[in-house]
Amino acid sequence: MQAATKDAADQNFDYMFKLLIIGNSSVGKTSFLFRYSDDSFSSSFVSTVGIDFKVKTVFQQDKRIKLQIWVLYSSRMMV
């Protein structure tokens with residue numbers, strides 16, 4: 001948990017992108033988020049209520065890129 005907090009607060013990057021994943025309930029948005037950001041998978045996720053958020057730093061062509069990845073549950077009532 002400390003590494004994730006440090007990564008989120010780290011201001012040393014070349015680029016930052018904010019990604020928003022929106023979709024219907026129970027299609028795997030949160031599973032995708034955890035698989036990509038933490039390289040972990042759990043088949044027992046509870047449905048996200050509202051918003052989930054992760055930060056991942058990647059390196060591409062000698063550049064440090066910070067990704068803020070947001071998962072938003074979407075329903076017809078929210079749109």
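A: Let us begin with a definition: rings of Phe, Tyr and Trp form an aromatic pair if their centres lie within 6.5 Å, and planes under 30 degrees apart count as stacked. The model shown here is predicted.

Q: How many aromatic pairs does the structure hold?

A: A pair of aromatic rings is described by the distance of the centres and the angle of the planes. The structure holds two aromatic pairs. In one of them, Phe-32 and Tyr-36 are stacked, with 6.3 Å from centre to centre and 10° between the planes.

Q: Where do Phe-32 and Tyr-36 lie?

A: An α-helix has 3.6 residues a turn, so residues three or four places apart point the same way. Here, Phe-32 and Tyr-36 both belong to helix H2, and four residues, about one turn of the helix, separate them. Phe-32 is partly exposed at 49% relative accessibility, and Tyr-36 is also partly exposed, at 36%.

Q: Which elements make up the secondary structure of the protein?

A: There are two helices and three strands. Read from the N terminus, the elements follow the order α-β-α-β-β.

Q: How are the three strands arranged in the sheet?

A: To read a sheet, one asks for the order of its strands and then for the sense of each pairing. In this model the three strands form an open sheet in the order S1-S3-S2, with mixed pairing. Strand S1 (15-23) and strand S2 (51-60) are the edge strands, each pairing on one side only. On average, neighbouring strands of this sheet are turned by 20° against each other, direction ignored.

Q: In which sense, parallel or antiparallel, does S3 pair with S1, and in which sense with S2?

A: S1 and S3 pair in the parallel sense, over nine bridges. S2 and S3 pair in the antiparallel sense, over 10 bridges. Tyr-15 stands opposite Ile-65 in S3. Leu-20 stands opposite Trp-70 in S3, and Phe-53 likewise stands opposite Trp-70.

Q: How many residues lie between the strands in the hairpin of S2 and S3?

A: The hairpin has two residues between its strands, and Gln-61 takes a positive phi near 50° there. A positive phi is also found just after H2, where Asp-39 has a value of about 55°.

Q: Which strands does helix H2 lie across?

A: Helix H2 (residues 29-38) lies across S1, S2 and S3, and runs at about 35° to S2. The buried residues of H2 are Lys-29, Thr-30, Ser-31, Leu-33, Phe-34 and Ser-37. Their cover includes S1, S2 and S3.

Q: Which residues make up the largest nonpolar core?

A: In soluble globular proteins, nonpolar side chains tend to be buried together. The largest nonpolar core in this model has seven residues: Ile-21, Leu-33, Val-58, Ile-65, Leu-67, Ile-69 and Val-71. Strand S3 (residues 63-73) gives the most to this core, namely four residues. Apart from neighbours within four places in sequence, Val-71 is in contact with Ile-21, Lys-29, Thr-30, Leu-33, Gly-50, Ile-51 and Asp-52.

Q: What share of the residues in the protein is buried?

A: Of the 79 residues in the protein, 28% are buried. Contacts may also be read by their separation in sequence. Among contacts with a separation of 6 or more, 50% are between residues 24 or more positions apart.

Q: How many salt bridges does a search of the whole structure find?

A: The search finds two salt bridges. In one, Lys-54 meets Asp-38, with 2.8 Å between the closest N and O atoms. This pair links distant parts of the chain, since Lys-54 is in strand S2 and Asp-38 is in helix H2, 16 residues apart. In the other, the side chains of Arg-35 and Asp-39 meet at 3.2 Å, N to O.

Note on methods
Residues are numbered from 1 along each chain as its sequence is written. This is a predicted model: local features need pLDDT of at least 70, side-chain atom pairs count only at pLDDT 80 or more; totals for chains, interfaces and linings use all residues. Side-chain values use heavy atoms; hydrogens and water are left out. A nonpolar core is a set of buried Ala, Val, Leu, Ile, Met, Phe, Trp, Tyr and Cys residues joined through side-chain atoms within 4.5 Å. Buried means under 20% relative accessible area, exposed over 50%, partly exposed in between (1.4 Å probe, protein chains only). Contact means heavy atoms within 4.5 Å. Two strands pair if DSSP finds at least two bridges between them. Axes are lines fitted to C-alpha atoms, for helices over the stretch in contact, and angles run from 0 to 180 degrees between N-to-C directions. A salt bridge is a side-chain nitrogen of Lys or Arg within 4 Å of a carboxyl oxygen of Asp or Glu. Rings of Phe, Tyr and Trp (its six-membered ring) pair if their centres lie within 6.5 Å; planes under 30 degrees apart count as stacked, over 60 as edge-to-face and the rest as tilted.
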